[in-house]
2 protein chains.
Amino acid sequence: MNQYVEHSGCGAEADLISVDQALSLILEKVQSLDTETVALSKALNRFLADDVYSSINLPMFSQSAVDGYAIVATGHISAQTQFELVGELRAGQSTDICLTEGQAVRIFTGAAIPQNTTTVARQEIVQSIENKILIRQDLAIHIDIRDAGEEVASGQQLAQHGQQLSIGAIAALSMAGVKVVKVYRYPRIAVVITGDEVASQASDLTTGQIFDANAPLIQAWFEARQQKVSIFHVADHEDALTELFHQLKDEYDLIISTGGVSVGDYDLIRPVALKVGFEQIFWKIKQKPGKPMLFAQYRNLNSHHCCLLGLPGNPAAVYVGMQIYTSTLLNALQNQRQMPNWFSGKMTHTLKPDARERFLRMSAQFDQGELQLQSLSKQQSHMLTNLMQANCLVRVPANESIQIGQCLTGIFI
Amino acid sequence: MNQYVEHSGCGAEADLISVDQALSLILEKVQSLDTETVALSKALNRFLADDVYSSINLPMFSQSAVDGYAIVATGHISAQTQFELVGELRAGQSTDICLTEGQAVRIFTGAAIPQNTTTVARQEIVQSIENKILIRQDLAIHIDIRDAGEEVASGQQLAQHGQQLSIGAIAALSMAGVKVVKVYRYPRIAVVITGDEVASQASDLTTGQIFDANAPLIQAWFEARQQKVSIFHVADHEDALTELFHQLKDEYDLIISTGGVSVGDYDLIRPVALKVGFEQIFWKIKQKPGKPMLFAQYRNLNSHHCCLLGLPGNPAAVYVGMQIYTSTLLNALQNQRQMPNWFSGKMTHTLKPDARERFLRMSAQFDQGELQLQSLSKQQSHMLTNLMQANCLVRVPANESIQIGQCLTGIFI
């Protein structure tokens, strides 16, 4: 401290980029990971790397839609017509029964209808008397039959490249007999928690130290996505951090760090990252919380890429970093170059302007088809407890007084 | 088939209960499981069995909100005032520095402010010259200080009994030093897949058989909730099913079955369940898909309860069964007696009436704060592929023509 020092600032600055610019840069600059073929049962929430076509008809064979009787008649059946009952077919049974006119078989939902079947009579409109059945209502042709291929024809597209495999998608592909899928590889992720102030055990807690919320937050965030990550704690020492980054950059596809990314004298993430070969894509976003966010990329001689998302240390900034930026980045690494799926909702009260765009923790409720947004108290970047009540993060544009009824965008959390 | 037979029907019937009645019966009749104490890190999505109070202040100590200088002055500081620089404090450092008037220490975000500090000057408004600093703007007292306990005071309630532990809740409790929580036990769940028509391997597929969508669907549904379940396949034979139910009822808290629950001659779930000691709570809901849904409970001599949710075999009915009924039941088992958290949205087109309430797979999109609902094709109970496009299940009331702009309720999927 022997020389004249001008510190750089922490407020809104001219060289900051906007939230949308930061997200666009992530989508633009990230290289997709390679693809792999995995069992469908292991592919929940992964993104398809190929279109998927059905190799079968759905339904696979024409079948009864009800419990009833498969019948052969020349056309429309009038009430009180009788048919000869010649057998029974349960779901799963294969059949070589070939019905002729005037015949019927007892049949159950999902069972293949015999050859020549012209219609199915649901059991509610049938009386069975020994080896005959009586149809009690008029019955048209081709009733209660699920035709082979009526949902999907063999060769038809089932799912498209880029589609995320939801629970429903897994079920639908299973039904079509799909056993393996080609998907983008999920990134290998290292989480680096910095900060001498972070104690992991209460017994370690000395004056000036705090309990760590960031590692539990990030761990839970990935657990909710059925993913595990490796967590590293590192002190605010340049050598230790340099050695850790040297090691991680070639082994992981993504490093998420918390803390040490601002302009303070002990904010080592950026200088160390640049020193070990990362190239800065952006640093500092005109947002609150989470202004000094860093995004950088490293590429080694084997063309392995490693992304670094440097989140600030304040837990609310980490929360926004995970929900908004990490999720976008993970999708981009899996070749999904899409902005977050913002909802729009209507503010139920006014908000004062702020020089930076804010992500406010709010409570959203549906009312008559409209999403009503109510902000919560205690929004500062070192505060988290309002997440007990919040169900969404809402974007509040910079330098704007927000009016009642004004539409804002956000995500459910 | 020697006698006169009247089959019961598959359409809307007088003795069916409504969707709301079925859900109410689940909430009313289910006995909560006992509680257990688990590590907070293992408690994602679990429900608290106790209120949680903070044993510390948050923040734990008064600290700087910025990188800057902690200062002692008598009051408001005028621009161009100088202070003596007597040291430096980083986050995590404990301090016995006791400042006196006219003194300042360099301080970083999150570091404990020294005793007697009256305000903090952020570094942007400070020039440091050797062992002195110059404040370049007027500065009020008590600026950029996070006061001990300003978010939460020691002893204050952090979370309440019944609250589900979201990612944000885990992070907030971690920040307050909470290490373990008392939660309701998660049920032990057995899944019973019935149906001779279900082949699990393509090589087993003979005419009349189909690929199973139900086991993959249920497995993925629980995987998305970080839970594992035991899956049992059983043929449509009374002895096999009886033996299985005998075994499962004392070992599990919940049995979810698929198929075999209608009125067909081979629908064995209900008769077997009643035979082994389950008591029926309801059977058949006036809904589409999934009418012949069974809910029953068993209680053994040790007061162990086992619930049985018998879902129909059609995959769309299983899907609705999981998303609407299983989720409500799982919450009730964990003492959360609340209806699903229905959204409301506005229909973008008309719908024809149907005798039963329907759960239609739809695509929902936000537009200017309103949720717009668009139904998809291929809604029959044996069809699933529209789940590739659907993002919600919407309730369409029975016997009602739905108009454009009409509000309907549903859940996101």
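Okay, let's start inside chain A, with helix α2: I167(A), G168(A), A169(A), I170(A), A171(A), A172(A), L173(A), S174(A) and M175(A) are buried there. Keep in mind that this is a predicted model. That list covers nine of the nine residues of α2(A), residues 167-175, so the helix is largely enclosed by the rest of the structure.

So what do the buried residues of α2(A) pack against? From chain A you get β3 (52-53), β12 (157-159) and β13 (180-184), and from chain B you get β15 (210-211), α3 (214-223) and α6. And just after the helix, G177(A) takes a positive phi of about 80°.

Let's zoom in on L173(A). If you leave out residues up to four places away in sequence, L173(A) touches L40(A), V52(A), L158(A), A159(A), L165(A), V178(A) and V181(A), plus M388(B) from the other chain. L173(A) also turns up in the largest nonpolar core, which has 75 residues; the members touching the most others are L173(A), V181(A), F222(B) and Y325(B). Which element gives the most to this core? That's helix α6 of chain B, residues 315-333, with eleven residues.

Stepping back to the layout of chain A, the assignment divides it into four pieces: domain 1 is 19-33 + 186-333, domain 2 is 36-57 + 151-184, domain 3 is 63-146, and domain 4 is 343-412. Between the centres of domain 2 and domain 3 of chain A, taken over C-alpha atoms, there are 35 Å.

Now for the sheet. In chain A, six strands make an open sheet with mixed pairing, and the order runs β17-β14-β18-β22-β21-β19. At the edges stand β17 (230-234) and β19 (279-283) of chain A, each with a single partner strand, so one side of each is left without a neighbour in the sheet. From one strand to the next, the twist averages 20°.

Picking one pair out of that sheet, β18 (254-258) and β22 (305-311) of chain A run in the parallel sense, with five bridges between them.

Methods. Residues numbered from 1 in each chain as written. Chains lettered and ligands numbered in written order. Predicted model: local features only at pLDDT ≥ 70, side-chain atom pairs only at ≥ 80, totals over all residues. Heavy atoms only, no water. Core = buried A, V, L, I, M, F, W, Y, C linked by side-chain atoms within 4.5 Å. Buried < 20%, exposed > 50% of the residue type's maximum accessible area, 1.4 Å probe, protein only. Helix = DSSP H or I, 4+ residues; strand = E, 2+ residues; numbered from the N terminus. Contact = heavy atoms within 4.5 Å. Domains from an automatic or database assignment. Pairing = 2+ DSSP bridges. Axes fitted to C-alpha atoms, helices over the stretch in contact; angles between N-to-C directions.
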